[in-house]
Amino acid sequence: MNLIDIENQAGICRVTAGWKKPELPWEWVRRYWRDVHSPAISRRKGIYQYIHLQYDPVDASVFGQIEGISTSAPANAQLMWTSDVRYRDDAALAAFGGDPDEVAKAQLLGDIDLIVERSTTYKCVGDRARTYVDITGNATPQGVPAMPAYSIFLRQKTNEASFFAALRALAERWMKVPGVMRLRLSLCEPPDMEAERKAGYPIKTHPIEQQYQAWIELWATDRSVMQRLLTREDADAIMDAHAYPIIAYHCFVYQGRPTLAGLRGYPAVEAIQALGNNPKQKKIEILRWMYGEVVGEGPVDGVLS
(Lines give C-alpha, C1' and ligand atoms only; values in the text may rest on other atoms or scores of the structure.)
Protein backbone atom coordinates (compact mmCIF):
# COMPACT_ATOMS: atom_id res chain seq x y z
CA MET A 1 0.00 0.00 0.00
CA ASN A 2 1.09 3.61 -0.54
CA LEU A 3 1.29 6.21 2.22
CA ILE A 4 -2.29 7.37 1.66
CA ASP A 5 -3.79 3.88 1.82
CA ILE A 6 -1.83 3.03 4.97
CA GLU A 7 -3.01 6.13 6.82
CA ASN A 8 -6.60 5.67 5.71
CA GLN A 9 -6.72 2.24 7.35
CA ALA A 10 -7.45 4.08 10.61
CA GLY A 11 -11.20 4.21 11.20
CA ILE A 12 -11.15 6.33 14.36
CA CYS A 13 -9.03 9.36 15.24
CA ARG A 14 -8.82 11.27 18.50
CA VAL A 15 -7.33 14.71 17.90
CA THR A 16 -6.29 16.65 21.01
CA ALA A 17 -5.19 20.28 20.69
CA GLY A 18 -4.38 22.82 23.35
CA TRP A 19 -1.91 25.08 25.10
CA LYS A 20 0.32 24.95 28.15
CA LYS A 21 0.01 26.51 31.57
CA PRO A 22 1.27 30.10 31.27
CA GLU A 23 3.90 29.81 33.99
CA LEU A 24 5.72 26.89 32.32
CA PRO A 25 8.61 27.53 29.89
CA TRP A 26 7.50 26.53 26.38
CA GLU A 27 10.83 24.91 25.51
CA TRP A 28 10.65 22.53 28.48
CA VAL A 29 6.99 21.73 27.83
CA ARG A 30 7.88 20.86 24.24
CA ARG A 31 10.68 18.58 25.34
CA TYR A 32 8.62 16.94 28.08
CA TRP A 33 5.72 16.26 25.70
CA ARG A 34 8.08 14.91 23.04
CA ASP A 35 10.60 12.99 25.16
CA VAL A 36 8.68 11.88 28.25
CA HIS A 37 4.94 11.79 27.61
CA SER A 38 4.81 10.66 23.98
CA PRO A 39 7.11 7.60 24.26
CA ALA A 40 4.97 6.43 27.18
CA ILE A 41 1.76 6.87 25.16
CA SER A 42 3.42 4.92 22.34
CA ARG A 43 3.40 1.78 24.53
CA ARG A 44 -0.39 1.74 24.93
CA LYS A 45 -2.31 -1.00 23.16
CA GLY A 46 -4.60 -0.39 20.22
CA ILE A 47 -2.80 2.56 18.59
CA TYR A 48 -2.50 2.35 14.80
CA GLN A 49 -0.76 5.69 14.31
CA TYR A 50 0.34 8.41 16.73
CA ILE A 51 1.60 11.80 15.61
CA HIS A 52 2.53 14.75 17.79
CA LEU A 53 2.85 18.26 16.31
CA GLN A 54 4.10 21.48 17.88
CA TYR A 55 3.38 24.98 16.59
CA ASP A 56 4.58 28.51 16.19
CA PRO A 57 1.91 31.23 16.57
CA VAL A 58 -0.74 31.59 13.87
CA ASP A 59 0.56 32.96 10.56
CA ALA A 60 -2.30 35.31 9.69
CA SER A 61 -0.79 36.33 6.35
CA VAL A 62 -0.11 32.92 4.85
CA PHE A 63 -3.38 32.78 2.84
CA GLY A 64 -3.34 36.41 1.83
CA GLN A 65 -6.37 38.62 2.43
CA ILE A 66 -9.61 36.62 2.10
CA GLU A 67 -12.77 38.66 2.54
CA GLY A 68 -15.16 37.01 4.98
CA ILE A 69 -12.64 34.66 6.63
CA SER A 70 -10.71 35.54 9.77
CA THR A 71 -7.13 34.27 9.65
CA SER A 72 -5.91 35.77 12.93
CA ALA A 73 -6.45 34.60 16.49
CA PRO A 74 -5.92 36.25 19.90
CA ALA A 75 -2.41 35.64 21.23
CA ASN A 76 -3.78 34.16 24.46
CA ALA A 77 -6.05 31.68 22.65
CA GLN A 78 -3.72 30.00 20.18
CA LEU A 79 -2.95 26.30 20.06
CA MET A 80 0.56 25.10 20.83
CA TRP A 81 0.32 21.40 19.96
CA THR A 82 -1.82 18.62 18.56
CA SER A 83 -1.72 14.93 19.42
CA ASP A 84 -3.31 12.82 16.69
CA VAL A 85 -3.97 9.26 17.90
CA ARG A 86 -5.54 6.85 15.41
CA TYR A 87 -7.11 3.42 15.80
CA ARG A 88 -8.29 0.86 13.29
CA ASP A 89 -11.71 0.28 14.89
CA ASP A 90 -13.79 0.28 18.09
CA ALA A 91 -12.04 -2.84 19.38
CA ALA A 92 -8.66 -1.13 19.11
CA LEU A 93 -10.01 1.97 20.85
CA ALA A 94 -11.34 -0.23 23.65
CA ALA A 95 -7.94 -1.91 23.99
CA PHE A 96 -6.34 1.51 24.26
CA GLY A 97 -8.85 2.53 26.94
CA GLY A 98 -7.99 -0.52 29.03
CA ASP A 99 -4.23 -0.08 28.91
CA PRO A 100 -2.40 0.37 31.18
CA ASP A 101 -4.19 -0.55 34.41
CA GLU A 102 -6.08 2.18 36.25
CA VAL A 103 -3.26 2.98 38.70
CA ALA A 104 -0.62 3.36 36.01
CA LYS A 105 -3.03 5.20 33.70
CA ALA A 106 -3.79 7.77 36.38
CA GLN A 107 -0.07 8.45 36.75
CA LEU A 108 0.39 8.72 33.01
CA LEU A 109 -2.56 11.08 32.54
CA GLY A 110 -1.27 13.16 35.43
CA ASP A 111 0.90 14.83 32.79
CA ILE A 112 -2.21 16.70 31.67
CA ASP A 113 -2.62 18.34 35.05
CA LEU A 114 1.10 19.05 35.10
CA ILE A 115 1.29 20.78 31.70
CA VAL A 116 -2.06 21.68 30.21
CA GLU A 117 -3.95 24.92 30.76
CA ARG A 118 -6.62 24.13 28.15
CA SER A 119 -7.12 21.35 25.61
CA THR A 120 -9.95 19.76 23.64
CA THR A 121 -10.23 16.25 22.21
CA TYR A 122 -12.16 15.85 18.96
CA LYS A 123 -13.24 12.49 17.54
CA CYS A 124 -13.17 11.92 13.78
CA VAL A 125 -14.68 8.67 12.47
CA GLY A 126 -14.53 6.89 9.12
CA ASP A 127 -14.16 9.08 6.05
CA ARG A 128 -14.34 12.16 8.25
CA ALA A 129 -10.58 11.65 8.72
CA ARG A 130 -8.91 11.13 5.37
CA THR A 131 -5.53 11.70 3.75
CA TYR A 132 -6.04 13.00 0.20
CA VAL A 133 -2.46 13.28 -0.96
CA ASP A 134 1.02 12.45 0.35
CA ILE A 135 3.96 12.67 -2.01
CA THR A 136 6.47 13.70 0.65
CA GLY A 137 8.15 10.29 0.47
CA ASN A 138 8.44 10.16 4.27
CA ALA A 139 6.01 7.94 6.15
CA THR A 140 7.22 8.91 9.63
CA PRO A 141 8.67 12.44 9.78
CA GLN A 142 10.76 13.40 12.80
CA GLY A 143 11.74 16.90 13.87
CA VAL A 144 11.52 20.10 11.84
CA PRO A 145 9.52 19.48 8.63
CA ALA A 146 11.59 19.38 5.48
CA MET A 147 9.25 21.90 3.81
CA PRO A 148 6.63 24.46 4.91
CA ALA A 149 3.95 22.59 6.87
CA TYR A 150 0.82 23.90 8.57
CA SER A 151 -2.01 22.78 10.78
CA ILE A 152 -5.08 24.71 9.66
CA PHE A 153 -7.87 24.76 12.23
CA LEU A 154 -11.28 25.88 10.98
CA ARG A 155 -14.57 27.09 12.41
CA GLN A 156 -17.85 26.77 10.60
CA LYS A 157 -20.08 29.58 9.41
CA THR A 158 -22.87 27.29 8.20
CA ASN A 159 -24.51 24.17 9.64
CA GLU A 160 -22.35 21.09 10.06
CA ALA A 161 -23.54 19.24 6.95
CA SER A 162 -22.92 22.22 4.65
CA PHE A 163 -19.58 22.99 6.31
CA PHE A 164 -18.32 19.43 5.98
CA ALA A 165 -19.48 19.21 2.35
CA ALA A 166 -17.68 22.47 1.58
CA LEU A 167 -14.45 21.25 3.18
CA ARG A 168 -14.54 17.97 1.28
CA ALA A 169 -14.88 19.95 -1.94
CA LEU A 170 -12.08 22.26 -0.79
CA ALA A 171 -9.79 19.28 -0.11
CA GLU A 172 -10.52 17.85 -3.57
CA ARG A 173 -9.59 21.23 -5.04
CA TRP A 174 -6.47 21.78 -2.94
CA MET A 175 -5.00 18.35 -3.66
CA LYS A 176 -4.72 19.34 -7.33
CA VAL A 177 -2.84 22.58 -6.65
CA PRO A 178 0.79 22.34 -7.83
CA GLY A 179 3.11 22.33 -4.83
CA VAL A 180 0.72 20.66 -2.37
CA MET A 181 2.70 17.69 -1.07
CA ARG A 182 0.53 16.39 1.75
CA LEU A 183 -3.11 17.03 2.62
CA ARG A 184 -5.14 15.42 5.36
CA LEU A 185 -8.63 16.55 6.36
CA SER A 186 -10.25 15.80 9.73
CA LEU A 187 -13.91 16.67 10.29
CA CYS A 188 -14.59 16.76 14.01
CA GLU A 189 -17.48 15.62 16.13
CA PRO A 190 -18.40 17.97 19.00
CA PRO A 191 -16.27 17.15 22.05
CA ASP A 192 -17.75 14.41 24.26
CA MET A 193 -16.66 15.48 27.73
CA GLU A 194 -18.52 12.66 29.45
CA ALA A 195 -16.65 10.07 27.40
CA GLU A 196 -13.36 11.78 28.25
CA ARG A 197 -14.26 11.84 31.93
CA LYS A 198 -15.10 8.12 31.92
CA ALA A 199 -11.75 7.41 30.25
CA GLY A 200 -9.96 9.12 33.14
CA TYR A 201 -8.94 12.33 31.40
CA PRO A 202 -8.94 15.64 33.32
CA ILE A 203 -11.54 17.88 31.71
CA LYS A 204 -9.94 21.09 30.44
CA THR A 205 -12.04 21.56 27.31
CA HIS A 206 -12.12 24.95 25.58
CA PRO A 207 -15.35 26.95 25.76
CA ILE A 208 -17.55 26.41 22.70
CA GLU A 209 -16.54 29.67 21.04
CA GLN A 210 -12.87 28.56 21.07
CA GLN A 211 -13.52 25.07 19.72
CA TYR A 212 -12.85 24.14 16.12
CA GLN A 213 -14.90 21.92 13.84
CA ALA A 214 -12.21 20.81 11.37
CA TRP A 215 -8.47 20.43 10.96
CA ILE A 216 -6.31 20.27 7.83
CA GLU A 217 -2.68 19.16 7.86
CA LEU A 218 -0.96 20.58 4.80
CA TRP A 219 2.62 20.41 3.51
CA ALA A 220 3.76 22.45 0.51
CA THR A 221 6.92 22.90 -1.54
CA ASP A 222 7.08 26.56 -0.49
CA ARG A 223 5.04 29.14 1.38
CA SER A 224 3.77 30.80 -1.79
CA VAL A 225 1.62 27.75 -2.51
CA MET A 226 -0.60 28.75 0.40
CA GLN A 227 -1.57 31.97 -1.37
CA ARG A 228 -3.39 29.93 -4.02
CA LEU A 229 -5.66 27.94 -1.71
CA LEU A 230 -8.47 29.90 -0.05
CA THR A 231 -10.97 31.84 -2.19
CA ARG A 232 -13.78 34.28 -1.53
CA GLU A 233 -16.30 31.48 -2.21
CA ASP A 234 -14.84 29.50 0.73
CA ALA A 235 -16.07 32.27 3.03
CA ASP A 236 -19.64 31.04 2.50
CA ALA A 237 -18.87 28.09 4.81
CA ILE A 238 -15.71 29.05 6.74
CA MET A 239 -15.67 31.63 9.52
CA ASP A 240 -12.09 31.17 10.81
CA ALA A 241 -9.03 29.58 9.19
CA HIS A 242 -6.08 29.63 11.58
CA ALA A 243 -2.82 28.40 10.03
CA TYR A 244 -0.33 27.22 12.65
CA PRO A 245 3.20 26.66 11.28
CA ILE A 246 4.40 23.19 12.32
CA ILE A 247 7.80 23.58 13.95
CA ALA A 248 8.13 19.96 15.10
CA TYR A 249 6.48 16.82 13.73
CA HIS A 250 6.96 13.42 15.34
CA CYS A 251 5.44 10.11 14.32
CA PHE A 252 5.73 7.82 17.35
CA VAL A 253 3.57 4.89 16.19
CA TYR A 254 3.09 3.74 12.60
CA GLN A 255 0.95 0.82 11.42
CA GLY A 256 0.48 -0.32 15.00
CA ARG A 257 4.16 -0.37 15.99
CA PRO A 258 6.36 2.22 17.70
CA THR A 259 8.93 4.00 15.53
CA LEU A 260 12.48 4.48 16.75
CA ALA A 261 11.42 7.83 18.26
CA GLY A 262 8.52 6.09 20.01
CA LEU A 263 10.86 3.50 21.47
CA ARG A 264 14.04 5.37 22.28
CA GLY A 265 12.88 9.00 22.20
CA TYR A 266 13.72 11.72 19.71
CA PRO A 267 17.05 12.75 21.32
CA ALA A 268 18.30 9.21 20.67
CA VAL A 269 17.19 9.48 17.03
CA GLU A 270 19.06 12.79 16.72
CA ALA A 271 22.22 11.35 18.28
CA ILE A 272 22.17 8.26 16.06
CA GLN A 273 21.74 10.38 12.95
CA ALA A 274 24.44 12.86 14.00
CA LEU A 275 27.09 10.13 14.34
CA GLY A 276 26.71 8.53 10.96
CA ASN A 277 23.23 7.00 11.36
CA ASN A 278 24.73 3.88 12.99
CA PRO A 279 22.59 0.97 11.75
CA LYS A 280 23.53 -1.27 14.67
CA GLN A 281 21.52 0.88 17.09
CA LYS A 282 18.45 0.56 14.87
CA LYS A 283 18.46 -3.19 14.30
CA ILE A 284 15.35 -5.15 15.21
CA GLU A 285 17.44 -7.61 17.23
CA ILE A 286 18.80 -5.03 19.65
CA LEU A 287 15.50 -3.15 19.89
CA ARG A 288 13.55 -6.33 20.69
CA TRP A 289 16.14 -7.16 23.35
CA MET A 290 15.71 -3.68 24.86
CA TYR A 291 11.93 -3.25 24.54
CA GLY A 292 10.39 -6.64 23.93
CA GLU A 293 7.68 -7.75 21.54
CA VAL A 294 6.24 -4.24 21.11
CA VAL A 295 8.96 -3.73 18.50
CA GLY A 296 7.38 -6.23 16.11
CA GLU A 297 9.06 -8.40 13.51
CA GLY A 298 10.55 -5.96 11.01
CA PRO A 299 11.09 -2.33 9.99
CA VAL A 300 8.07 -0.04 10.11
CA ASP A 301 9.62 3.10 8.63
CA GLY A 302 12.74 4.57 7.18
CA VAL A 303 14.42 4.68 10.59
CA LEU A 304 13.98 1.15 11.89
CA SER A 305 16.17 -0.92 9.58
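**Rings, charges and enclosed spaces**

Me: How far from the ring centre of Phe 96 does the charged end of Arg 44 sit?

Reply: In this predicted model, the charged end of Arg 44 sits over the ring of Phe 96, a description that requires NZ of Lys or CZ of Arg to be within 6 Å of the ring centre and within 35 degrees of the ring normal. Residues are numbered from 1 along each chain as its sequence is written, and side-chain values use heavy atoms, with hydrogens and water left out. Local features need pLDDT of at least 70 and side-chain atom pairs count only at pLDDT 80 or more, whereas totals for chains, interfaces and linings use all residues. The distance from Arg 44 to the ring centre of Phe 96 is 3.7 Å.

Me: How many aromatic pairs does the structure hold?

Reply: Rings of Phe, Tyr and Trp (its six-membered ring) pair if their centres lie within 6.5 Å. Counted in this way, the number of aromatic pairs in the structure is 11.

Me: Why is the pair of Tyr 87 and Phe 96 called edge-to-face rather than stacked or tilted?

Reply: Planes under 30 degrees apart count as stacked, over 60 as edge-to-face and the rest as tilted. The ring centres of Tyr 87 and Phe 96 are 5.1 Å apart, and their planes meet at 65 degrees, so the pair is edge-to-face.

Me: Are Tyr 87 and Phe 96 buried or exposed?

Reply: Buried means under 20% relative accessible area, exposed over 50%, and partly exposed in between (1.4 Å probe, protein chains only). Tyr 87 has 0% relative accessibility, while Phe 96 has 4%. Therefore Tyr 87 is classed as buried, and Phe 96 also counts as buried.

Me: What is the angle between the ring planes of Phe 163 and Phe 164?

Reply: Both Phe 163 and Phe 164 are buried. Their rings, 6.0 Å apart from centre to centre, form a tilted pair. The angle between the two planes is 40 degrees.

Me: Over the face of which residue does Arg 155 lie?

Reply: Ring pairs link Tyr 55, Phe 153, Tyr 212, Trp 215 and Tyr 244 into a cluster. Arg 155 lies 4.2 Å from a ring centre, and the ring belongs to Tyr 212.

Me: How much space lies in the largest cavity?

Reply: A cavity is a set of points, on a 1 Å grid over the protein atoms alone, where a 1.4 Å probe fits but cannot get out. The structure holds two cavities of 30 Å³ or more, with volume taken as the space filled by probe spheres set on the points, which are joined across faces, edges and corners. The space in the largest cavity is about 350 Å³.

How values were computed: 1 Å grid on protein atoms, 1.4 Å probe; cavity = no way out; pocket = protein on both sides within 12 Å on 5 of 7 lines; lining within 4 Å.
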